[in-house]
Amino acid sequence: MTRIDNLDSTAAGEVDERQDGGIDTVTFPICVACGTQYSAPRADCPVCEDDRQYVPPGGQRWSDLAEFRGSPWTARVEEQGPRLLGVGSDSTVGIGQRALLVKAESGNILWDCVSFLNDDLITRLMGHGGITAIAISHPHYYTTMVEWAHAFDVPVFLHAADRQWVGRPDPRLEFWDGPKLELADGLTLHNAGVHFTGGTVLHWQDAGQPGGALLTGDIIQVIPDRTHVGFMYSYPNLIPERPHVVAAAARMLKPLTYEALHGAWWDSTIPSRADSIVQASARRYADFTNPQR
Ligand SMILES: [Zn+2]
């Protein structure tokens with residue numbers, strides 16, 4: 001039983017009278033299993049009912065940000081690399097990922113997102129210079145992105161191929177299409193297409209260290225053996241990615257150089273030679289999925 005099970009649920013969509021800080025004052029329902037926020041109460045969560053997530057055995061449960069903020073959960077901001085901060089909390093809602101604050105010369109980019117957001121987290125990120133834009137790798141991390149966009153008054157860049165998974169439409173969401181989008185000098189989104197059709201990685205050419213970095217969420221998965229990475233269509237349900245999709249992603253990423261690779265979870269980092277590790281991992285994947293093997 002998670003701690004959220006012990007908290008009384010509040011009716012989704014009710015006006016929250018507390019009016020604290022920059023957080024929206026209306027409570028929108030959040031799926032406890034995947035962390036996705038929706039614009040209206042509903043019985044089902046499409047993200048959880050998809051093959052890439054799951055409906056928990058006890059059924060779908062709902063919460064909201066007001067309930068999170070009344071819980072004992074606290075914000076967490078920790079260094080994950082040069083000019084790179086992990087952003088999250090000790091919340092048990094959703095998948096457990098942390099976001100990353102990329103402290104680039106051109107401004108801070110929040111890479112990926114988490115459901116938990118309170119005044120303390122906003123204040124701490126403002127102390128690091130705030131956020132100029134948000135970019136998200138795939139729908140499992142859409143979470144409360146609209147709350148974040150409103151709190152920091154910034155756009156959210158999402159790949160158009162995954163538009164159907166947006167639970168709370170908002171004018172702040174900016175859909176981009178095609179293989180890549182340059183966010184700023186030396187910061188480029190690439191549509192690798194693994195895990196989700198719009199699955200995106202962020203290449204950071206400068207990265208505060210020689211060689212650059214690739215930020216991947218779990219589009220490219222950092223695994224316990226840091227000499228390789230993984231490629232899966234569904235992590236919880238153990239469905240491998242289709243070999244032609246992995247091959248296409250490897251081809252797309254081949255021209256990029258990056259020393260470090262940062263995955264979706266706290267300290268999921270490959271510190272060096274990450275570009276050749278990704279290519280070698282794609283070759284190993286092709287070998288193991290070869291029907292002639
Ligand atoms: Zn869900």
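**A friendly note on the strands and helices**

1. Helices (H or I, at least four residues) and strands (E, at least two) are DSSP runs, numbered from the N terminus. Within this pair, alanine 135 has phenylalanine 157 of E8 as its bridge partner.

2. A word on the source. This is a predicted model, in which local features need pLDDT of at least 70, side-chain atom pairs count only at pLDDT 80 or more, and totals for chains, interfaces and linings use all residues. Residues are numbered from 1 along each chain as its sequence is written.

3. Now the sheet: it is open, with 7 strands in the order E3-E4-E5-E6-E7-E8-E9 and mixed pairing. Strand E3 (75–81) and strand E9 (173–176) are the edges; each has a single partner strand, so one side of each lacks a neighbour in the sheet. From one strand to the next, the twist averages 25° (axes are lines fitted to C-alpha atoms, for helices over the stretch in contact, and angles run from 0 to 180 degrees between N-to-C directions).

4. Next, a helix: H3 (residues 119–127) packs on the sheet and touches E3, strand E4 (84–89) and strand E5 (99–104). Contact means C-beta atoms, placed from the backbone, within 7 Å. The direction of H3 makes about 35° with that of E3.

5. Leucine 181 is partnered with leucine 189 in E11.

Methods
Pairing = 2+ DSSP bridges. Contact = placed C-beta atoms within 7 Å.
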